[in-house]
Amino acid sequence: MTNAREISVEYLARVEGEGSMHVKVVDDRIEHVDFSIFEPPRFFEAFLRGRPHTDAPDITARICGICPIAYQMSSVHAMEGAFGVTVGGALRELRRLIYCGEWIESHALHVYLLHAPDFLGYESGIHMAADHRDVVEQGLRLKKAGNAVVTLLGGREIHPINVRVGGFYRVPTKKELEALVPELEWSRDAAVATIKFVSGFTFPEAEMDFEYVSVSHPDEYPFNEGRIVSSKGLDIDVSEFNRYFLEEHVERSNALHSRVRERGAYHVGPLARYNLNFEKLTPLAQKTAWEVGLGETCNNPFKSIIVRSVETLYAVEEALRIIDAYDEPAEPFVAYDVREGEGHGATEAPRGMLYHRYRVSEDGRIADAQIVPPTAQNQLTIESDLRYVLERHLDLPDEELSWVLEQSIRNYDPCISCATHFLDLTIERA
Amino acid sequence: MGGVVVIGVGNRMMGDDAAGPAVIDRLAGRLAPGVRLVESVGDATHLLDSWGGAQQAIVVDAVVAGGAPGTVHRVDGTEGFPSAWRSASTHLIGVAEAIDLGRAVDMLPEQLVVYGIEIESVAPGVELRPEVEGAVGLVAGRIVEELS
């Protein structure tokens, strides 16, 4: 007798066509796992065509409300590549600083309000707040410290408008930056406390053999610049992205799955950055990671919550370092000449590497755009991870099984990670 | 901080989801000086910060509640976000969660009104459907009356 069990997970459609998860189990054997969570920003690529190149940072920033800075940074670096512009000195530092702000706010939101509740047995951060109000308040305050950095530099915290090709429209004074220091100093302590707090959770066993991919720079933990490297030996210039990575159409949905050509699934995000760049973290971040038993590498996606917390500490310390060393630049941006060309940008969004490519015509308008977000790149890996988790937990009742699956999806902080709280799960048994 | 804040929730690049921000556009220059106008993608923590310290907050959001597109609802937000509504924001824990979270950590304004503008779905685009556009004008007018 066949015993078929179907699990189908659909997001309450927020964006039409946005993904779903479908699992079919027959006789305790997984027949298939389909997971497509994210539709790539094809609308935005089409919308950009024909528009002035200067529109790219503002328009792409609207793709995601959580990581607008990442979209701005990848787009300005790509444009600057096309025009042969180099942004250095204090302007380069300010770009790292605004990225620190985005990491702090995005990681704090995910760690405290989305992921910690999974480990502590709460349905959501709201339910958790009833018993752990101090924890939630600490998370909110940490997030706000990140917001303050983004707001000061970006002009607005959601959809910042101050970033432009070549630099910024306006740069802050030293005094304005120094006003951020007391709260960032509080945040440094809070971030250390966060690492210790989350490392005390109970983690499901998992040891994955992912190909980790991240930006890597010889002197710094990666935000804006560097080569693209992987744990399986890839080491390429950003402009070679399309030679080594492939976006494939998936028949059953509008989604695209990314893979390393000839090898397959790969993983971008905090685990990848951490495993490939550990030695570039600050001494305090490294020391605290050792203290909580994390070590130099981590292959358990459930422990990504600890890695995110370590990266939060790094971002706070890096922000303090940049503010301390800051000298206001003479000009808020580097002037450049528009020319025909193609440019590439890969920067590290909180949830992983974000690649942009633009072709610009002679008149400075965008002829072609390509945007590859981190969640699209992680989709295949998430799918294989869900299969791994399913295989080990098939004996669980449906309700508990769906909890573990949701938690697994949240390990990757996908662009709609919050939506996983609204999973509409149907299970059919034959 | 005190005072009054009007918050339009939505993403301007996501079609009818832009209803909230569109209301903010219509309110510019029509309210007493000192009334803050805020655009938000609906991240709960951003909403808490935006209405933090305000005595009165009005939130406008695109919702899917089963009615015809353009239908306007007005509810007392301090009683919670109606469970039959789905907030239309795309990526974030949204208005409903902001209200629940605000309650849990005492970060709700004394008065909180939520206007829900019904939309059918959210899809990339930069235009509002005419019914939604009409509702935007209606809600902006009501807010001007309410705050005068």
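**A walk through chains A and B**

Val63(B) stands opposite Glu118(B) in strand S6 of chain B. Residues are numbered from 1 along each chain as its sequence is written, while chains are lettered from A and ligands numbered from 1 in the order in which they are written.

A word on terms. Helices (H or I, at least four residues) and strands (E, at least two) are DSSP runs, numbered from the N terminus. Strands pair if DSSP finds at least two bridges between them.

Back to chain B. S3(B) and S6(B), residues 111-118, pair in the parallel sense over eight bridges. S3(B) also pairs with strand S1, residues 4-9 of chain B: five bridges, again parallel. Within that pairing, Val5(B) has Ala57(B) as its bridge partner.

How is strand S3 of chain B placed, enclosed or open? Eight of its nine residues, 56-64, are buried, so S3(B) is largely enclosed by the rest of the structure. Buried means 20 or more other C-beta atoms within 10 Å of the residue's own; exposed means 12 or fewer; partly exposed is in between; the C-beta atoms are placed from the backbone.

Asp106(B) gives a contrast. Its place is in the loop between helix H3 (95-104) and S6 of chain B. Asp106(B) is exposed, with 8 other C-beta atoms within 10 Å. Its phi is positive, about 55°, although Asp106(B) is not a glycine.

Now confidence. pLDDT is the predictor's confidence in each residue, from 0 to 100. Chain B has a mean pLDDT of 88, with 94% of its residues at 70 or more. Where in chain B is confidence lowest? In strand S5, residues 86-87, at a mean of 62; helix H4 of chain B, residues 130-146, is highest at 97. Where pLDDT is low, the predicted coordinates should not be read in detail. For the complex, the predictor gives an ipTM of 0.87 and a pTM of 0.91.

On to the core. A nonpolar core is a set of buried Ala, Val, Leu, Ile, Met, Phe, Trp, Tyr and Cys residues joined through C-beta atoms within 7 Å. The largest one has 140 residues, and Val310(A), Ala19(B), Ile117(B) and Val136(B) have the most contacts inside it. Helix H4 of chain A gives the largest share of this core, 13 residues. Apart from it lies another core of 11 residues, including Phe35(A) and Leu386(A).

What does Val136(B) touch? Leaving aside neighbours within four places in sequence, Val136(B) is in contact with Ala19(B), Ala22(B), Val23(B), Arg26(B), Ile117(B) and Leu128(B). Contact means C-beta atoms, placed from the backbone, within 7 Å.

Chain A next. Its secondary structure comes to 14 helices and 14 strands. Of its 430 residues, 49% count as buried.

Take H4(A), residues 89-120. Its 32 residues reach 44 Å from first C-alpha to last, close to the 46 Å expected. Expected span is 1.5 Å times one less than the number of residues. H4(A) bends by about 35° at Val111(A). That bend is the angle between axes fitted to the seven residues ending there and the seven starting there. The helix is mostly covered, with 23 of its 32 residues buried. Gly121(A) follows H4(A), with a positive phi near 85°.

The buried residues of H8(A) include Leu184(A), Ala191(A), Ile195(A) and Val198(A). Their cover includes H4, H6 (133-154), H11 (283-291) and H12 (304-325) of chain A.

Three strands of chain A form an open antiparallel sheet in the order S6-S7-S8. S6 (213-216) and S8 (235-236) stand at the edges, each with a single partner strand, so one side of each is left without a neighbour in the sheet. Four bridges join S6(A) to S7(A), residues 227-230. Val213(A) has Ser230(A) as its bridge partner.

Last stop, Glu340(A). This residue lies in the loop between H12 and strand S11 (341-349) of chain A. Glu340(A) counts as partly exposed, with 13 C-beta neighbours inside 10 Å. Beyond four places in sequence, Glu340(A) is in contact with Val360(A), Ser361(A) and Glu362(A).

How values were computed
This is a predicted model: local features need pLDDT of at least 70, side-chain atom pairs count only at pLDDT 80 or more; totals for chains, interfaces and linings use all residues. Two residues are in contact if their C-beta atoms, placed from the backbone, lie within 7 Å.
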